[in-house]
Amino acid sequence: MQTLSVRSVVSSTRFVLGVFFILFQLWIILVPQQPLFERPAHVCIALILLFLWSPLQRDGRSTFPRALVDAALILATLGVGAYYLAEYDRLTTRMENVSPVLPQDIAAGCVFVLLLLEGARRAVGMVLVWVLLAFIAYAFWGNLLPGWLSFRGFDLDAAIEITTMTTAGVLGITTSTSVNFIFYFIMFGAAYAAVGGGQLFIDLAIRMAGRANGGTAKAAIISSSLMGSISGSAVANVVSTGVLTIPLMKKTGFPDHRAAGIEAIASTGGQIMPPVMGVAAFIMAEMLNVPYAQVALAALIPALAFYVALLLVVDLMARRDGLRAMTADEVAATKAIGPRLHLLLPPLILIGALMSGFSAAYSAVVAAASCFVVPFLRKNTRYSWKAVAEALKEAPRQAAEVAVPIAVIGVVIAVAVQSNLALKFAGSLASVAEGSLFASLLLAMVGCIIMGMGLPTVAAYIIGAVLFVPAIKDLGIPPLAAHMFIFYYCVLSMVTPPVALASFAAAAVGKAPVMKTSFSAFGLSLVAFFVPFSFIFDPAILWQGTAAEIILGGLALFASTALWAIAFGGWCGRPLSLQSRAVIGALGLTAVIAPSGSLWWIGAISAGWLLVAALALAARSSSSGLLFSAPAE
């Protein structure tokens, strides 16, 4: 009874504090405050919620000593919040590198960083913590390193000042993005899911694609792209949509690891799919100092190419392997779409508000509010107060799980900038690549993928942007293209073995082998793996240029990635031989990388599609030769 009472108090505290978090965020839209008030308050509330939602446990239970530790961490967080409130006037008016750093600053700063490290550990695991500890060690002992990595190091006063006492470090651009953008879009996603929006996406996708070749896989891709563009989290998307789509795929003949892999890559792609994309996209807009709508528009053509290629490759794989589509009865078993079509209004309101020039925060709030109004347009979609409570519970929890890790990544940014590590790294990369743009891009690609293994996309992107973007820009690439290149590969790191967070989640949902799922998802990601090279060499793909250039660039990308997908799908009327796939793949890759309209592109695209046409005609004959693989016995 006593344990039940404690749990009830904790649950009530989480709910009340979560509602307060929402009200605080709504208040600062109406009455904006100074950054050194908004940001510490936001992070401290998020920390307390995280400690409440993710307590120290053993065997799934919280023991009394662990509960005391959680209570101490919450009290310490309240103490940090009280410090920022009490010292607000001084912190706002002090001069960096001139005004003294007081003992209370050092004490509060050290505690704040330690709390954030523990919060990050609970939110995303130890990988990020080790990265942060490495940068903290570099801040103090960088003078011990050889060559270009060496720098004089910071003393404790300087380290605390740059990381916790200014609008840089943990209270810098990452926390600013969480305060001003991310929270509101998470709130919208939670509200929309609570009133049935996510289920509508899944049912709509089944109705659209269920009867086609590989229909269940296509339904998974469509629903995950729609839901992923709203949730912005690959792992959350896998868990929410995968519980239905993975069993459906397995039911129609997909092996368990392939079904889980398809869901993993489809959910991961949601982070590059407008209108919401992933958390990192908002940080990109802040770093570039451009409206978020501009980033979303730039991402549109590459995202569509990603999903079109993915749909094509699963279609061809299903034909090659003889996998069945859903039956009419199975499709009809989903709830009718017509009576629920009005539930598409909230995302349409969000898109309309963003495109009309309203701020991202305002657009997300209006769209979130509409989630609780639109269902009442039809009797069959009206919700209970339980749905409202679910949204009020989920939005603050998800926001806290994002806010804390990206706040502590501010330490990385502060150390990298103040030590000139970013500029030194850019120079070193340029030296290794010997000034070659293509070599530099390949090194940056590999660096992002390695760094992203085990890190959330947002963490990988921020570190990648700090380290790699300056080097790419120095080679004449526009800032938007450079940032989008890094962002894209950090997203794909979520399905790159040996550590692939989205694939691990999908394997757990689908009860599939973890590594087989990871390699399956990574293999599918290869159909769009080199898309970033296309917009590096053709800015029109990022919506930069005249209407004619943008249309030509988009069509060129679709035609190129389709060739690449045919090579991976291995079907052109009949199963293709390895030789045919290799030639089509080489031509497709050349077309993806070459600038649209260049001689290389014209030659590759023409030869590729002529070969595909010839293979389609040859498939009608009975001979196989070197063009087609022999039928399975």
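Author: Buried means under 20% relative accessible area, exposed means over 50%, and partly exposed lies in between (1.4 Å probe, protein chains only). Helices (H or I, at least four residues) are DSSP runs, numbered from the N terminus. This is a predicted model, in which local features need pLDDT of at least 70 and side-chain atom pairs count only at pLDDT 80 or more, while totals for chains, interfaces and linings use all residues. Residues are numbered from 1 along each chain as its sequence is written, and side-chain values use heavy atoms, with hydrogens and water left out.

Reader: How many of the residues of helix H19 (residues 410-418) are buried?

Author: Seven of the nine are buried, so H19 is largely enclosed by the rest of the structure. They are Gly410, Val411, Val412, Ile413, Ala414, Val415 and Ala416.

Reader: Which elements do the buried residues of H7 pack against?

Author: Contact here means heavy atoms within 4.5 Å. H7 spans residues 156-164, and its buried residues are Ala159, Ile160, Glu161, Ile162, Thr163 and Thr164. They pack against H19 and also against helix H3 (64-86), helix H5 (103-124) and helix H6 (126-141).

Reader: How many residues has the largest nonpolar core?

Author: A nonpolar core is a set of buried Ala, Val, Leu, Ile, Met, Phe, Trp, Tyr and Cys residues joined through side-chain atoms within 4.5 Å. The largest one here has 199 residues, and those with the most contacts inside it are Leu310, Tyr461, Met484, Phe485, Ile486, Phe487 and Tyr489. Helix H14 (residues 292-321) supplies the largest share of this core, 16 residues. Domain bounds come from an automatic or database domain assignment. Domain 1 (13-171) and domain 2 (547-618) both give residues to the core, so it lies between them. The C-alpha centres of these two domains lie 50 Å apart.

Reader: Which residues does Leu310 touch?

Author: Leaving out residues up to four places away in sequence, Leu310 touches Ile221, Ile265, Ala266, Leu524 and Val527. There is also a second, separate core of 18 residues, with Ala556, Leu563, Ile566 and Ala567 among them.

Reader: What places Ala309 in helix H14, and is it buried or exposed?

Author: Ala309 is found in H14 and is buried, with a relative accessible area of 2%. Leaving aside neighbours within four places in sequence, Ala309 is in contact with Val527, Thr561 and Ala565. The C-alpha atoms of Ala309 and Ser525 are separated by 9.5 Å, although the two residues are 216 residues apart along the chain.

Reader: At what angle do the axes of helix H12 (residues 256-269) and H14 cross?

Author: Axes are lines fitted to C-alpha atoms, for helices over the stretch in contact, and angles run from 0 to 180 degrees between N-to-C directions. Angles under 35 degrees count as roughly parallel, over 145 as roughly antiparallel, 65 to 115 as roughly perpendicular and the rest as oblique. The axes of H12 and H14 come within 11 Å and cross at roughly 165 degrees. That makes H12 roughly antiparallel to H14. The contact is made by Arg258, Ile262, Ile265, Ala266 and Gly269 of H12 and by Phe306, Tyr307, Leu310, Val314, Arg320 and Asp321 of H14.

Reader: At what angle do helix H8 (residues 173-194) and helix H13 (residues 279-288) pack?

Author: H8 and H13 pack at about 130 degrees, with their axes 9 Å apart. They are therefore oblique to each other. Residues making the contact include Phe181, Ile182 and Phe185 of H8 and Phe282, Ile283 and Met287 of H13.

Reader: Where is Ser518 found?

Author: Ser518 is in helix H26 (residues 514-525) and is buried, with a relative accessible area of 0%. Not counting residues up to four places away in sequence, Ser518 touches Val495, Pro497, Ala500, Ser503 and Phe504.

Reader: What is the phi of Asn97?

Author: Most residues other than glycine have a negative phi. Asn97 has a positive phi of about 70 degrees although it is not a glycine. Asn97 is in the loop between helix H4 (88-93) and H5 and is exposed, with a relative accessible area of 63%. Trp543 also has a positive phi, near 65 degrees. Trp543 lies in the loop between helix H27 (531-537) and helix H28 (547-569), and at 35% relative accessibility it counts as partly exposed. Asn420, which follows H19, has a positive phi near 65 degrees.

Technical notes. Helices (H or I, at least four residues) and strands (E, at least two) are DSSP runs, numbered from the N terminus.
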